[in-house]
Amino acid sequence: MPSLHLEGVSKHFGGLKAVDGITMAVPPGEITGLIGPNGAGKSTVVNLISGVLSLTHGDIRLGGASISTDRADIVARQGVSRTFQNIRLLPEATVLENVMIGFHRREQSGLMANLFGLRAALREQREFRDRAHALLERFGLDEYAEFEAGNLAYGHQRRVEMARAIASEPAIVLLDEPVAGMNDVESDELATIFRELANSGMGLLLIEHNVGFVTRLCKQVYVLDSGRMIAAGDPHEVTRDPKVVAAYIGTSKH
Amino acid sequence: MINLYYAYQPIIDFFLLSVGFGYSQQIALRAGVFSIATAGFAAIGAYAVAILVTKTGFPIVGAVVLGMVIAGGAGLVLSLPLARLRGAFQAIATLAFVQIVISLLLFAEDFTGGALGITGIPRVVNTGVLIFIVAFVMYVMWSIGRTGLGRIFDALRQEESVAASLGVNIGRYHAFAFILSGAIGGLFGGLQSLYVFQIEPHNFGFAFMVNVLTVVILGGRTTLLGPIMGAAIMAILPELARPLAEYRPAVNGVILILVITFLPNGVGDEIVFWFRRRRHAAAAANRVKVKEAKNAVTSS
């Protein structure tokens with residue numbers, strides 16, 4: 001599995017440096033954390049990697065090949081998948097259909113097979129359906145398979161989105177605040193799934209607000225503040241770094 | 001029974017043609033493309049068939065297929081400059097496309113007969129042919145719905161950014177939708193040509209556009225039943241409301257407003273959704289029952 005590298009990546013919106021020359025790596029088989037206070041630029045980093053925004057400076061490479069000028073769908077087809085901070089599901093589709101669209105990257109059957117309902121296309125759909133059910137089972141959602149996704153509770157919607165993101169077995173998954181708004185039991189369940197995914201060889205980038213959650217799961221943590229990387233390294237050391245503490249709770253004025 | 005058929009045959013044929021144009025409109029809307037280009041595609045198909053058959057003696061079936069291919073090609077060409085447009089801008093650009101097609105038909109008098117149109121087209125299409133071809137198009141639409149293509153169209157309509165994040169090439173699939181819309185519109189345009197004996201640019205003007213849109217809005221944007229219900233309402237209503245014949249546009253308008261307000265998904269889609277919800281609720285209830293049974297076994 002390839003790893004993801006960001007080198008000197010910047011994004012300027014006019015005079016605002018939303019992301020300012022950051023360098024980081026998301027290796028396969030590990031969970032990497034990206035933390036920082038509100039407005040630090042974490043989601044901008046996700047949008048830059050996934051091709052939603054274009055970079056001002058720097059380079060993003062996936063297993064050696066640059067993906068920094070690729071369009072969002074091309075980045076996705078190369079095996080970089082993501083979730084959205086503000087959950088984005090297909091609200092009219094069922095939970096099952098929402099996960100099934102996640103298999104798009106793996107679709108083999110051609111246009112004609114789809115138009116004329118040829119057996120190959122239908123067989124592929126059945127296979128995706130079975131795999132989607134299995135994924136929903138894993139995320140504890142199978143009983144909601146036929147529900148319209150828009151009607152689900154918030155925490156469930158987040159999990160549907162994650163199931164969809166990992167459906168095509170991407171090399172890298174960018175999780176934008178996956179446990180926001182979840183209780184401890186729910187986030188523990190997700191932590192287990194994240195570890196399993198990493199053990200299977202996926203590289204996970206965990207964008208979080210919740211420092212405790214990141215410290216428990218990640219080998220390497222990057223800390224972003226006002227677009228700059230202020231610390232990187234072992235999570236326990238990083239969270240004791242005075243600069244990080246200052247960014248999170250502020251410094252006292254003397 | 002036979003007499004009843006003859007009395008209502010023109011209405012049935014009108015209904016079948018409307019269903020065809022309805023699918024051309026529907027496939028674009030389903031993919032989130034606010035196209036109203038179906039009138040232009042229909043005009044291209046109709047004129048291609050009329051010119052080929054009356055002026056070159058082209059075999060009729062070949063002319064219909066060629067008309068369909070030309071209209072599908074027009075869909076592809078139209079999709080390229082429109083790739084960056086969305087929503088109302090798309091609608092206006094496709095409206096301009098229809099205007100261009102009609103203007104060209106009016107000006108290229110040598111080929112198209114200008115405002116007088118083309119007459120003497122052999123009348124070879126009957127109810128049977130229409131039923132057969134509507135059934136074929138329905139089969140294709142049904143296939144789209146149960147394979148990955150329909151899901152991609154639905155995704156593009158509901159949340160484009162999600163589709164892109166999963167690797168869907170938005171431009172390519174919007175182009176597919178335009179090509180399909182063009183091919184289906186051109187196919188039924190050609191059939192109309194071979195049904196009405198005479199065509200003129202005016203046939204594919206504003207009234208045509210409004211009719212096709214109404215079929216889909218009344219019927220539904222996503223299900224197979226949608227255009228059928230929409231076209232049926234459009235075909236039957238004037239018959240039921242004969243005493244109100246003078247007020248037909250007003251009656252149509254009122255019904256449209258009522259449907260948009262109270263059945264925003266369209267009559268056909270609402271019916272299908274109702275059955276779907278029932279089926280899903282039954283499946284969910286069944287699952288709960290199975291789970292309880294399992295729990296009962298393990299606990300005892």
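This is a predicted model: local features need pLDDT of at least 70, side-chain atom pairs count only at pLDDT 80 or more; totals for chains, interfaces and linings use all residues.
Twelve residues from domain 1 of chain A and twelve residues from domain 2 of chain A take part in the contact between them. On the side of domain 1 of chain A that touches domain 2 of chain A, at least two residues are supplied by each of α2 (72–77), β7 (172–176) and α7 (184–199) of chain A, and the largest share, four residues, comes from α7(A). When the residues on this side of domain 1 of chain A are sorted by class, eight are nonpolar, one is polar and three are charged.

Chain A also contains an open sheet of four strands, which follow the order β2-β1-β4-β5 (chain A) with antiparallel pairing. In this sheet β2 (16–26) and β5 (65–66) of chain A stand at the edges, and each has a single partner strand, so one side of each is left without a neighbour in the sheet. Strand β1 (residues 4–13) of chain A pairs with strand β4 (residues 57–62) of chain A in the antiparallel sense, and the pairing extends over five bridges. A:E7 is found opposite A:D59, which belongs to β4(A).

Another open sheet is formed by six strands in the order β6-β7-β8-β3-β9-β10 (chain A), and its pairing is mixed. Its edge strands are β6 (80–82) and β10 (228–233) of chain A, each of which pairs on one side only, and from one strand to the next the twist averages 20 degrees. The strands β6(A) and β7(A) run parallel and are joined by three bridges, and A:R82 stands opposite A:L174 in β7(A). Helix α1 (residues 42–49) of chain A packs on this sheet, where it touches β3 (31–35), β6, β7, β8 (203–208) and β9 (220–225) of chain A, and the direction of the helix makes about 150 degrees with that of β7(A).

Strand β7 of chain A also holds A:D176. A residue is counted as buried if 20 or more other C-beta atoms lie within 10 Å of its own, and A:D176 is therefore buried, because 23 other C-beta atoms lie within 10 Å. Apart from its neighbours within four places in sequence, A:D176 is in contact with A:S43, A:V46, A:R82, A:T83, A:F84, A:Q85 and A:I207. A:D176 and A:G233 are 57 residues apart along the chain, and their C-alpha atoms are separated by 20 Å.

The contact between chain A and chain B takes 27 residues from chain A and 26 residues from chain B. On the side of chain B that touches chain A, two or more residues are given by each of α6 (127–146), α7 (148–158), α8 (160–165) and α13 (267–299) of chain B, and α7(B) gives the most, with seven residues. The residues on this side of chain B divide by class into twelve nonpolar, nine polar and five charged.

Note on methods:
Residues are numbered from 1 along each chain as its sequence is written. Chains are lettered from A and ligands numbered from 1 in the order in which they are written. Two residues are in contact if their C-beta atoms, placed from the backbone, lie within 7 Å. Ala, Val, Leu, Ile, Met, Phe, Trp, Tyr, Cys and Pro count as nonpolar, Asp, Glu, Lys and Arg as charged, and the others, Gly among them, as polar. Two strands pair if DSSP finds at least two bridges between them. Axes are lines fitted to C-alpha atoms, for helices over the stretch in contact, and angles run from 0 to 180 degrees between N-to-C directions. A residue is buried if 20 or more other C-beta atoms lie within 10 Å of its own, exposed if 12 or fewer, and partly exposed in between; C-beta atoms are placed from the backbone.
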